[in-house]
Amino acid sequence: MIDRIGEIYKEIESASLNTVEELESFRLKYLSKKGMISVLFDEFRNIPPESKKQTGQKLNELKQFATEKYNSSSSFLKKQEDKLTVSDYTRPAFPYPQGSRHPISIVRREIIDIFSRIGFVVSEGPEIEDDDHVFTKLNFAPEHPARDMQDTFYISRISEEDSNPEDVLLRTHTSSVQVRVMQRQKPPIRTISPGRVFRNEAVSARAHCIFHQIEGLYIDENVSFADLKQTLIFFARELYGMDTQVRLRPSYFPFTEPSAEMDVSCTICGGKGCNVCKYTGWLELLGCGMVHPNVLEACNISSTKYTGFAFGMGIERAAMLKYQINDLRLYFENDLRFLNQFRTAF
Ligand code: DAH
């Protein structure tokens, strides 16, 4: 029996295991229940007791050798197979899962595109701002409620030398970019500033603590309220269609005088009255006005030589009117069933 074990050992040693088929026939021949090694174990029961020790040892060695050879070849072949599936250049390239732009990005790009056609260039400013750019230079009185902690996220300064720890904050509107542009650029200025803004609000269908705005600013000699009106009519018709009507209602902002809010004719009913516009025919879109002389002077621009207009709108709001979205939270949930609806080339 020892001799037979030796012969099988050599056979196993020289067996080639390069394919799945070879591997399987090896297993059947040597390692299965009816395979050669099992047969030897059966015969082992009948050999004389005095040779059991030596033969048993050899037999166990043979079984171990065959099992190891089988296992290592099997894992090698598996790895080869995995490699092939990863770099299979013959796999079809389509269907390719295609993403879509977020509705906020679509509308932001569209608004930028509309204003760039009439000479407005994009400018940006920091999201972490100071009180000066967000409030003081925009003519907010020291006790103005917008400075209140209820609305504004303040960030304490780390350095102890800073006398006023409430000076650093997250901007509550993109009007702060107006100030930065005026401080570094001489008129004529024609700019739009898109960006994120932050307000300490409870999240609901109508309010969010983070949202997006676009600010517009035009400063030159002899800029009038008529220029503001004409620019905004052009904008509203480009964004919502040529039949769109606009109306201005008097309003108040510290940084504009006079100030107004602009409504567009309802994008659903066209102005006839429906439940979206609460049967008024109008939807509020943006705030605007003539830049307050105090703001120009605070930024070292002569208020006797120059005049200008400014406007600001929420991008979420502009997109809601365009796509009839009725809940602000949808923009932030990343639900693919919502996002997939905005396939566009823009
Ligand atoms: N900053 C205002 C807000 O966040 C929007 C705004 C109103 C901007 C009138 C302007 C403006 O530039 O002239 O509600």
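View 1. A nitrogen atom of the ligand lies 3.0 Å from an N or O atom in the side chain of Ser-175. Gln-213 also takes part: an N or O atom of the Gln-213 side chain is 3.0 Å from an oxygen atom of the ligand. Taken alone, the ligand exposes 360 Å², and the protein buries 89% of that. Here a polar contact is a pair of N or O atoms within 3.5 Å, and accessible areas come from the Shrake-Rupley method with a 1.4 Å probe.

This is a predicted model, in which local features need pLDDT of at least 70 and side-chain atom pairs pLDDT 80 or more, while totals for chains, interfaces and linings use all residues. Residues are numbered from 1 along each chain as its sequence is written, and side-chain values use heavy atoms, with hydrogens and water left out.

**View 2. The shell around the ligand.** The ligand is surrounded by 15 residues, the closest being His-173, Ser-175, Arg-199, Gln-213 and Glu-215; a residue is near the ligand if one of its heavy atoms lies within 4 Å of it. The shell divides into five nonpolar, eight polar and two charged residues, with Gly counted as polar. At least two shell residues come from each of helix H7 (175–184) and strands S6 (210–220), S9 (282–291) and S10 (307–314). Helices (H or I, at least four residues) and strands (E, at least two) are DSSP runs, numbered from the N terminus.

**View 3. The hairpin of S7 and S8.** Strands S7 (residues 246–253) and S8 (residues 256–265) pair in the antiparallel sense over seven bridges; pairing requires at least two DSSP bridges between the strands. Two residues lie between S7 and S8 in this hairpin, and Phe-253 has Thr-256 in S8 as its bridge partner.

Conventions: Polar contact = N/O pair within 3.5 Å; in protein donor to acceptor, adjacent residues only side chain to side chain.
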